[in-house]
Amino acid sequence: MVTAIVLIKADVAQIHEVAESVAALDGVSEVYSMTGEYDLIAMVRVHRHEELNDIIPGRLNKVPGIRDTETHIAFRTYSQHDLEAAFALGLPDAD
């Protein structure tokens with residue numbers, strides 16, 4: 001599982017609509033509103049790095065109301081929970 005953390009700047013008047021549109025995209029597991037320089041954080045989870053290109057610049061960055069994004073790739077998860085199994089629920093098996 002590859003996880004990308006996408007920080008999103010959105011038009012202030014459209015934050016709610018942007019969050020809902022981003023959350024509806026395949027591969028996006030969660031969207032959080034936040035304070036600070038960015039307005040939203042989207043968690044994108046895929047099986048292969050190549051899939052990120054289809055989701056982030058291919059669809060997420062094109063959502064109306066998004067002004068800018070910054071993407072970070074998470075390399076390791078530190079948790080007491082089996083997050084890989086939890087986030088894999090409902091996802092098709094990787095080829």
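Helices (H or I, at least four residues) and strands (E, at least two) are DSSP runs, numbered from the N terminus. The structure shown here is a predicted model, in which local features need pLDDT of at least 70, side-chain atom pairs count only at pLDDT 80 or more, and totals for chains, interfaces and linings use all residues. Residues are numbered from 1 along each chain as its sequence is written, and side-chain values use heavy atoms, with hydrogens and water left out.

**View 1. The protein chain runs β-α-β-β-α-β-α from the N terminus on.** Welcome to the overall picture: the protein chain has 3 helices and 4 strands. Of its 95 residues, 32% are buried; buried means under 20% relative accessible area, exposed over 50%, and partly exposed in between (1.4 Å probe, protein chains only). Take contact to mean heavy atoms within 4.5 Å. Among contacts between residues at least 6 apart in sequence, 69% join residues at least 24 apart. The accessible surface of the protein chain is about 6200 Å², and carbon and sulfur atoms account for 51% of it; such areas come from the Shrake-Rupley method with a 1.4 Å probe, and for residues only the protein chains shown count as cover.

**View 2. Helix α1 spans residues 15-23, and its buried residues are V18, A19 and V22.** These three lie on the same side of α1, because they cover an arc of only 100° around the axis. The arc is that of the directions from the helix axis to the C-beta atoms. What covers them includes β1 (2-10), β2 (28-33), β3 (40-46) and β4 (66-74).

**View 3. A19 is a residue of helix α1.** Its relative accessible area is 17%, so A19 counts as buried. Leaving aside neighbours within four places in sequence, A19 is in contact with V31 and L40. I41 is 22 residues from A19 along the chain, and their C-alpha atoms are separated by 8.9 Å.

**View 4. The largest nonpolar core has 20 residues, of which I8, V22, V28, V44 and L60 touch the most other members.** β1, α1, β3 and α2 (49-55) each supply at least two residues of this core, and β1 gives the most, with 5 residues. A nonpolar core is a set of buried Ala, Val, Leu, Ile, Met, Phe, Trp, Tyr and Cys residues joined through side-chain atoms within 4.5 Å. Look around V22: beyond its neighbours within four places in sequence, V22 is in contact with I8, V28, V31, A42, L60, V63 and I66.

**View 5. K9 lies over the face of Y38.** The distance from K9 to the ring centre is 5.2 Å. A charge sits over a ring if NZ of Lys or CZ of Arg is within 6 Å of the ring centre and within 35 degrees of the ring normal.

**View 6. V12 sits in the loop between β1 and α1, and K62 in the loop between α2 and β4.** V12 has a relative accessible area of 70%, so it is exposed. V12 and D39 are 27 residues apart in sequence, and their C-alpha atoms are 8.3 Å apart in space. K62 is exposed too, with a relative accessible area of 61%. Between K62 and V22, 40 residues apart in sequence, the C-alpha to C-alpha distance is 9.8 Å.

**View 7. R76 belongs to the loop between β4 and α3 (83-88).** R76 counts as exposed, at 58% relative accessibility. T3 is 73 residues from R76 in sequence, and the two are 9.0 Å apart in space, C-alpha to C-alpha.
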